[in-house]
Amino acid sequence: MTVLSKYEYKSKYPPYKEGGNFAGDYHVWVEDMTGKVVFDPVFQHYEGICNMRGLNINKVRRKKWDNQEKHMKQRDFDDVFHLAMIGNYLDDFYISPKPLHCRNNSIAWITHQPESKKNKYRVVIGSMGWEDSSGDVWWEFG
């Protein structure tokens, strides 16, 4: 049995880092108040990422970050919500969600819900990735 030093990883991938590696490194989805994911589109390029890294596309993993409000404020979520409410800025993201635009896709989805359902959902920021055959997770976004 090998003893790992404090500088070695137990996983073959870099360790999970809350807050991402830079301001643009995050993932956003919509969940209901029980925590069930209700909106997070799957894009064709995800298959390429999984194939290239040997990941299981059916074992998607999401990790919600602590202090949601802080992370959203750092990434100007309030401005995007405001733009969504005053016009049709996000209509195109609702009609056809765009790869690598998870924030706009999620905010567009939630702002286009009937008024009676809007408080049943919340936009969530965190990390998203996939498991490989050994159970290790590659955090692709965030």
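A residue is termed buried when its relative accessible area is under 20%, exposed when over 50%, and partly exposed in between (1.4 Å probe, protein chains only). The model is predicted, so that local features need pLDDT of at least 70 and side-chain atom pairs count only at pLDDT 80 or more, whereas totals for chains, interfaces and linings use all residues. Residues are numbered from 1 along each chain as its sequence is written, and side-chain values use heavy atoms, with hydrogens and water left out.

Of the 142 residues of the chain, 38% are buried. The chain holds 5 helices and 5 strands (DSSP runs, H or I of at least four residues for helices and E of at least two for strands, numbered from the N terminus). From the N terminus, their order is β-β-α-β-α-α-α-α-β-β. Among contacts (heavy atoms within 4.5 Å) with a separation of 6 or more, 69% involve residues 24 or more positions apart.

The whole structure contains 7 salt bridges, each defined as a side-chain nitrogen of Lys or Arg within 4 Å of a carboxyl oxygen of Asp or Glu. One of them pairs Arg122 with Glu31, with the closest N and O atoms 2.9 Å apart. This pair joins strand β4 (residues 121–132), which holds Arg122, to strand β1 (residues 27–32), which holds Glu31, across 91 residues. Arg122 is partly exposed at 29% relative accessibility, while Glu31 is buried at 3%.

A salt bridge also links Asp92 and Lys98 (3.2 Å, N to O); Asp92 is partly exposed at 45%, as is Lys98 at 23%.
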